Amino acid sequence: MDKYSILKKYFGYPAFREGQETLIDSILSGRDVLGIMPTGAGKSICYQVPALLLPGITLVISPLISLMKDQVQTLNQAGIHAAYINSSLSESQISKALWLAAQGQYKIIYVAPERLETYEFLRFALQAEISMLTVDEAHCISQWGQDFRPSYLKIVQFIQKLAQRPVLSAFTATATERVKEDIACVLSLQQPNILVTGFDRKNLYFAVETPRKKDSYIMEYMMGHPDESGIIYCATRKNVDALYQKLQNAGVLATRYHAGLSAAERRQNQEDFIYDKTPVMVATNAFGMGIDKSNVRYVIHYNMPQSLENYYQEAGRAGRDGERAECVLLYSAQDVMINRFLLDSKEPNEEQTKEDLAAIRERDEERLRIMTYYCLTTDCLRTYILRYFGEAGPVRCENCLNCAREYEETDVTQAAEKIIAGIREARQRYGIHVIAGMLAGENRAKLREYGLLEYLSYGSLKELGEAEIKRIIHQMLEQKLLSVTNDRYGLLRVSADAAQRLQAGQRVILKKVKQEAEKASTARKESAAKMRRSDILNSKGLELFEKLRLLRTQIAREESMPPYIIFSDRTLVDLCVKAPLQKEEMMQVSGVGEHKFARYGERFLEQIRAFTGGIREKYYFGEREEVQDQSGLLAGARAKKTDFFLTPEQAADFPYAEKYLVTEIAEKLNSLRDAQTTKKISGAELFRRMQAKEYAGEERKDGIWKKFVTQKGQDAGLWIGMRMSRNGMEYEDIYYNENAQRMIVELVCTK
């Protein structure tokens, strides 16, 4: 069998997703790989497919028991023999599993890193033919990763003991540039093929809300999302227990998870959530790593996490099936204090030196600040996340709360100058809270104790209020006019050139939500949030979907298996769209492989035959469009529009001019396309393609992202010019002359 046959037979997919085939080919050629791919992008396929083609065994190092169990269940359901070795098994069970592995029973074995040191496992490994060693959640090996685990360092020692070095493959969903380099270095990857497919999860909607009463917000949210599965993360056990009790009292089917519960209760609660018995999970961050539940429709953070890495990983547990899902963070200033307390309470590792601990604390403080800035920014939330991970993002994603809102801009440069004066008068010895209180003229005991009421700057911004002053300070931090010390105190510092930059004309602009537009933006958000893949089904299709979902639940209970492992919601929708009546037709459904059809196919076909009476009807809106890969999951049920292109005849009508902005070029191009069959192209997409061709780019200067033109771009007809915003402010943008316009039409738009 080849890789394509394995993909279809065992996993039920007709083609690979972006990046999968590249990594698989590298592994099969004997080359080490490092794959950084977002949650839900199919990382497991990248090592599971070659594992079935390589001659020996593949060992997968995995950090959590739940992750191993879930993966092994899924593989066995697909007809692939796999096992796991961890502390949940008795010694006799481990011995039996290793004996069966030695007899060739298993192609894939998941193992906890702590097991690598045991005598019995090492004896097995030295005698077995290990073709590949895969490190899952590879960021755990880096001290700069958000989930550093010293046990992961045992992997390197284990590899050195093997008679023959296997191919190494490492995978993670979240890794900054520093963590990526650390993974490759610590694992000693040899000339690895490092592939970053991107961090963007386009199906996720991001929002930061600041409700006065978080509990009221949660209750209202639950009423608006009945019967949907979701996770609510809290920073402390106390918050988990309190919120869980309130949900119980309100009749919400919820369960909870934190380290203070017994192991048996945690295990039962986790299973109730996975099996959809209690669709809502309230938990600390102890819950979730390795949970592959595909139908989580929302993740709400009751408190702000300690880092953007933690947040993106936890939020990423929503929408793993590719369906639209929501990631909502409820922010309050108290969250920063809670997280700093948790950092203070963190127990040091015995193996770490004082220098290590100091460096880690400095890193943690920096991450906490970046997380706080995320909660306060008025820019696109998705772009903020992507840029943190080193990836260019659009100016507006149109799929986050900030992009849905309308803002008005206020020039607060004069206030910024007074803030600088106040910080300097206080000799740069205080943090944001103290400085803002002083400038606002507050009369708190601490301010009196410090003698700040006697300063000339005291009350100099009284008319703004403390909250507004803090917002301006955060804007100044973004623009690098101010900085904070890398310690627990976060003392404000004035940048060396701050005064000169302001005198030279740099402005500090504060964006505020237009109150009259807030209701409209909320309505747009709620309307968009209701878009689900099942929305392509008409009333008859939804009726069939419910019958198939009930059948899936019945089978799951019979086999003590999570419903999503039987078939995902994605597959159920595809079944409704194609309404197969025979095996050959059902084998064309996304997610249906030979083994799954042998186990469940006839029961689903019987349900479809009974519902349809053997008569084919249309159960979806739109035209039929066949799936081309795993991510094209509508398998025949979207409006049939192709990606943007122009025919030569259409391109000939492009109205060339002396100069255009990229948004103007996009507008002209879209007016020429066939709107019935062809999607639009955005100015942001055109600019990304210019970046890919190295004609232009973006860089952060003075806390602001600015576009630039390369020499190659200048030669092609791009240049930086000034343009005017709606409120009369000048800023830089890129213009394209006629030659550059022709290049775009020729290189990007025509087939």
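**Close-up views of the predicted model**

View 1. The open sheet consists of seven strands arranged in the order 3-4-2-5-6-1-7, and their pairing is parallel. At the edges are strand 3 (82–85) and strand 7 (193–196), each of which pairs on one side only. On average, neighbouring strands of the sheet are turned by 15° against each other, direction ignored. In general, strands of a sheet pair through backbone hydrogen bonds, in either a parallel or an antiparallel manner.

**View 2. Pairing of strand 1 with strand 6.** Strand 1 (residues 33–36) and strand 6 (residues 167–172) run parallel and are joined by four bridges. Within strand 6, S169 is the bridge partner of V33.

**View 3. Length and end of helix 5.** Helix 5 comprises 12 residues, 91–102. At 1.5 Å a residue, helix 5 should span 16 Å, and the C-alpha atoms at its ends are 16 Å apart, which agrees. After helix 5 comes G104, which has a positive phi, near 85°.

View 4. Which residues of helix 5 are buried? They are I94, A97, L98, L100 and A101. Viewed down the axis of helix 5, these buried residues fall within an arc of 160° and therefore line one face of the helix. The residues S92, K96, W99 and A102, on the other side of helix 5, are exposed. The packing partners of the buried residues of helix 5 are strand 2, strand 3, strand 4 and helix 6 (119–127).

**View 5. The whole protein as the setting for the close-ups.** The secondary structure of the protein amounts to 32 helices and 22 strands. For 751 residues the globule rule gives a radius of gyration of 27 Å; the value for the protein is 28 Å, close to that figure, so the protein is as compact as a globular protein of that length. The C-alpha trace spans about 80 × 70 × 55 Å along its principal axes. Of the 751 residues, 55% are buried. Considering contacts between residues at least 6 apart in sequence, 70% join residues at least 24 apart.

Note on methods
Residues numbered from 1 in each chain as written. Predicted model: local features only at pLDDT ≥ 70, side-chain atom pairs only at ≥ 80, totals over all residues. Heavy atoms only, no water. Pairing = 2+ DSSP bridges. Helix = DSSP H or I, 4+ residues; strand = E, 2+ residues; numbered from the N terminus. Axes fitted to C-alpha atoms, helices over the stretch in contact; angles between N-to-C directions. Expected span 1.5 Å × (residues − 1). Buried < 20%, exposed > 50% of the residue type's maximum accessible area, 1.4 Å probe, protein only. Arc of directions from axis to C-beta. Contact = heavy atoms within 4.5 Å. Rg over C-alpha atoms; globule rule 2.2 N^0.38 Å.
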